[in-house]
Every structure is written in structure tokens, then in C-alpha cells.
Amino acid sequence: MKKFINNKIIVAFLVMALVLPFVTFSFTGCEERVEVLKIFNSGEYIADGSEGSEDVVASFESWYKEKTGKNIRVEYSVFDTNETMYTQVNNKHADYDLVCPSDYMVQKMLNNDLLLPIGGEDFDEIWADAFSDEDPLDYGLDEDDEITVDAIMNENLMPLLTAYDPGWETGEFYSVPYMWGTFGILYDIEKIKAIGGEDAEEDMQSWEAIFGDKYKGHIYMKNSVRDAYAVANIYNSSDELARLSENFTNFGDAYHEKLSDCMNYPNENTIDAAEKTLKAQKKNLFAYESDEGKEDLLTGKSDAALSFVWSCDAGYVIGMEENLNLRYSVPKEGTNVWVDNWCIPKYAGNVTAAKYFIAFCNLYNTAYENMWFVGTTVPVRAVAEDISIEIVDPWSAVGEGEELEDYLCFAELFEEYADECDEDETCECEWHKYARMYSECLFPSDETLERAAVMTDFDKYNTDIVRMFIRVKAS
Ligand SMILES: [Zn+2]
């Protein structure tokens with residue numbers, strides 16, 4: 001097992017994040033298209049060799065040569081939003097070999113015939129070649145097991161994918177998950193206790209925290225139409241969701257269907273109801289935010305005490321270890337599981353190399369490097385579980401010639417509670433409780449996945465919902 005990168009160092013790099021797309025060109029006159037792989041991904045979304053991480057793209061180039069005997073040069077560029085990427089492919093017929101859209105955008109691209117199939121015999125052969133030197137035991141499989149795509153992925157995540165890519169039911173899929181997470185509430189425990197008293201932490205277990213009056217003036221809301229619509233509808237359906245899940249204890253098909261309905265099947269009534277809820281909420285907000293909410297909570301300088309966030313953003317600021325009062329919760333009523341996926345667009349020029357790259361991302365080592373670097377979870381279950389164990393039981397991860405400090409998160413907090421800690425993952429010391437919360441934020445448990453649904457494209461209601469959100473913001 002390798003050492004993970006110190007998150008503080010990653011952060012220093014992330015601060016320099018580029019906003020505008022960049023492309024690394026190096027034209028060599030006689031280079032053939034089969035020797036180039038064009039990748040279009042979100043910014044800061046792959047380990048890039050900075051500060052002790054592995055340069056995954058460079059590793060792929062040499063690995064591809066080893067596997068196939070052919071040269072490959074990766075042209076890697078980044079987009080800011082799914083919609084920017086969509087325009088490049090749909091309007092400009094850009095010849096990217098790989099793009100990384102979110103769930104709903106995969107569906108939109110599928111509906112508009114912009115994707116090439118991935119799953120099938122050809123992919124199986126490439127996958128088998130890619131994994132031929134891997135040890136099944138590293139993936140939690142038996143020695144003689146075949147390392148297939150289905151075998152190594154999180155089995156509770158996989159059924160959710162069919163909502164936007166039905167090909168996962170038949171093996172003829174058009175997308176392969178790359179990163180995933182939840183949405184929830186990021187809060188500063190000292191600040192919410194000062195406002196909400198003893199019940200404050202319990203309050204964060206319900207969406208009432210961001211829609212009710214109790215934390216008025218201290219709430220950040222994400223300036224994102226899709227997320228705002230979804231969470232407002234979950235809140236509006238709280239009573240029914242409670243009834244369908246025996247008060248959030250038993251989550252069956254009826255509950256899941258309702259939860260998915262809340263996010264994905266708008267009609268005039270649900271749009272009206274969401275508008276009322278969001279307008280009422282606006283009066284209680286500290287502010288809408290696009291990216292600054294988590295930074296504000298980190299420094300603690302404003303009156304904001306809680307923020308509606310994606311788990312990746314929560315994991316990012318908690319991992320900075322600068323404000324140990326930060327916590328992340330996934331309210332009981334239910335959450336969205338967002339999934340970003342590798343897809344091969346219609347105008348791709350090097351499908352074979354694209355499929356090799358997809359397989360490469362799922363190799364243990366690559367997934368491990370990417371998960372630590374990006375600070376969100378990969379679909380390869382064994383990798384995510386191993387990292388979770390490293391966080392809550394760093395003692396088990398220390399190898400020969402290594403130090404506990406190489407693995408210990410929140411070292412400052414640990415020092416404070418070292419005397420009370422029995423260095424076991426079931427320990428109830430404050431350091432362990434914090435480490436478990438962080439681990440759960442990075443890698444949502446099966447219990448959390450039980451009350452989650454993915455988002456699909458709003459299709460013909462897109463415009464209505466966008467207009468509704470504009471009215472809310474102007475109110
Ligand atoms: Zn402990």
C-alpha cells in the first residue's frame with residue numbers, strides 16, 4: 001500500500017486552479033491520430049504529479065506503450081461546466097476521445113445520439129488485457145476470480161446508474177463511472193450550537209435545517225438550479241418520504257421511487273411548490289453561493305454557519321485540517337448521488353485508446369492516486385474501502401520504514417486526544433469520531449446509498465425550471 005498525499009499540499013495546488021480551459025498542444029507534423037488521445041475533463045479532476053502525487057496521464061502513456069506496443073500522446077484539456085462540454089461536442093463536433101459528464105448530462109448526450117457504445121466484446125478484451133497483471137485479492141476478490149468491471153465496482157452504486165444509462169442493465173453501457181458522491185450539509189459545529197443549542201447537531205440530520213427559520217441568516221444555499229430544485233422537492237415531500245420509509249428506518253422500492261420522482265420528474269405542481277419553498281428559503285439565507293460558501297465556513301469569518309454542498313466540496317475543506325469544527329451530514333430524508341462518468345463522444349478519433357484509458361482509471365493504483373488527489377470517491381469498492389480504513393485506522397496502514405505521520409489525518413486533533421484513544425477503529429475518542437465523519441464524507445456508506453437517487457435530464461421542463469429559479473433569485 002502506498003502513502004497518501006498530504007491533503008494540505010493538494011490544497012496549495014488547488015488554490016491555483018485554472019478557471020479557463022487550457023489545452024496542451026505540441027504539433028508534430030507527421031503524428032497520426034492513432035497516436036493521440038484527446039481527453040476533456042473537469043478541472044483539477046485527475047492526479048497530475050504535483051506535490052508527490054502520480055502523474056496519471058504520463059503513467060498512462062508509458063503503460064499503453066507496454067500493453068499495446070504503440071505510442072500515445074495525451075492531449076488533456078478541461079471544461080468548467082457540463083454545458084460547456086456539451087456545446088463543444090454537439091455544436092462544434094469536437095473530436096474528443098473521452099469526456100467526463102455528470103449523470104444527467106450522460107442521459108442528455110445519449111438522447112441526442114452523441115455517444116458511442118462502450119460495453120461489449122471489444123471493451124471486455126481491452127479490460128482483460130488491462131487487468132492481466134493485477135491481483136484479484138487487491139480488489140477484494142478470490143484468487144481465481146476474473147477481474148471484471150461488474151466485479152470490482154461498488155455493487156450498491158451500480159443499480160443507480162441505470163437511471164441515466166439503461167445499458168448497465170444489459171452490459172451495453174455508454175458510460176463508466178469515474179467519481180461519485182452525495183449532497184448534504186457542511187456546518188461549523190461551534191457556530192450551529194451557538195444558534196441552535198443542544199439540538200443543533202440533530203438538526204443537521206434534516207433538510208429542515210436549510211429551509212426552516214431556526215438558522216435564519218446563517219445559511220448558504222448553492223446557486224445551482226438543478227440542486228436547488230431537487231432538494232426543495234425532497235423537503236416538500238418529507239412527510240410522504242417518512243411514511244414510505246417507516247420514519248426513515250426502512251427504505252424500500254416505494255420510497256426510492258418517490259425520492260427519484262422528487263428529483264427527476266417535474267410537473268407544473270412540483271415546480272410551483274419548489275418555487276414557493278425556495279422563495280421562503282431565500283428570506284432565511286445568509287447568501288447564495290457558487291464556490292465561496294465552503295471557504296467562508298473554513299475561515300469562519302462571516303455569520304454563515306451551514307451550507308448546502310456537494311460531498312466533494314465538504315471533503316475538500318475538511319481535509320484542509322484548518323478548521324476542525326467543520327462537519328458534513330447527509331439529511332435523513334434523502335440525498336442525490338451524483339456520478340461523473342467517462343464517455344466516448346460520437347466524433348472520437350481514437351476509440352481503442354479511449355477504452356484503454358477507462359480501464360486504466362480503474363486499476364487499483366490509478367484509482368487510489370486519483371481518489372486522494374481529487375478528494376472524492378472512486379467506484380472501485382476495494383480502493384475506497386482501503387482509503388476509509390487508512391483514515392480511521394492509520395496504524396494498520398503503516399508499512400516498514402514508514403511513520404504513523406505519513407497516514408495520520410488531523411494530527412493536531414489526535415495529539416489532543418491521544419491519551420483517550422485506544423488506537424482501534426471502534427474507539428469513541430473525539431479524534432476517531434472526526435475521522436469517521438471524514439471517511440463517510442469521502443466514501444458514502446451503504447446506509448447512505450440506501451436513501452439516495454441519481455438525477456436525470458429534466459428534458460422538456462428544463463426551461464420552466466430555469467425560469468422558476470430566475471424568479472426565485474429575483475424575489
Ligand atoms: Zn480513538
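Modeller: The model is a predicted one. The protein is divided into domain 1, made of 7-179 + 338-379, and domain 2, made of 181-337 + 436-474. Their centres, taken over C-alpha atoms, are separated by 29 Å. To the contact between them, domain 1 contributes 18 residues and domain 2 contributes 20 residues. On the side of domain 1 that touches domain 2, at least two residues are supplied by each of α1 (7-14), α4 (103-111) and β10 (335-342). The largest share of that side, five residues, belongs to α4. By class, the side of domain 1 that touches domain 2 holds eight nonpolar, seven polar and three charged residues.

I turn now to β10 itself. Eight of the eight residues of β10 are buried, so the strand is largely enclosed by the rest of the structure. The burial applies to both faces: Thr335, Val337, Val339 and Asn341 are buried on one side, and Asn336, Trp338, Asp340 and Trp342 are buried on the other.

Two pairings of β10 may be described. Strand β5 (residues 176-188) runs antiparallel to β10 and is joined to it by six bridges. In this pairing, Asp340 of β10 stands opposite Met179. Strand β12 (residues 452-453) pairs with β10 in the parallel sense, over two bridges. Here the bridge partner of Asn336 is Ala453 in β12. In general, strands of a sheet pair through backbone hydrogen bonds, in either a parallel or an antiparallel manner.

The largest nonpolar core has 139 residues, of which Leu306 and Phe357 touch the most other members. This core draws at least three residues from each of domain 1 and domain 2. Apart from its neighbours within four places in sequence, Leu306 is in contact with Ile185, Leu186, Tyr187, Ile192, Ala209, Ile210, Tyr215, His218 and Ile219.

Strand β1 (residues 36-42) pairs with β2 in the parallel sense over seven bridges, and the bridge partner of Lys38 in β2 is Glu75.

Conventions: Residues are numbered from 1 along each chain as its sequence is written. This is a predicted model: local features need pLDDT of at least 70, side-chain atom pairs count only at pLDDT 80 or more; totals for chains, interfaces and linings use all residues. Domain bounds come from an automatic or database domain assignment. Two residues are in contact if their C-beta atoms, placed from the backbone, lie within 7 Å. Helices (H or I, at least four residues) and strands (E, at least two) are DSSP runs, numbered from the N terminus. Ala, Val, Leu, Ile, Met, Phe, Trp, Tyr, Cys and Pro count as nonpolar, Asp, Glu, Lys and Arg as charged, and the others, Gly among them, as polar. Two strands pair if DSSP finds at least two bridges between them. A nonpolar core is a set of buried Ala, Val, Leu, Ile, Met, Phe, Trp, Tyr and Cys residues joined through C-beta atoms within 7 Å. A residue is buried if 20 or more other C-beta atoms lie within 10 Å of its own, exposed if 12 or fewer, and partly exposed in between; C-beta atoms are placed from the backbone.
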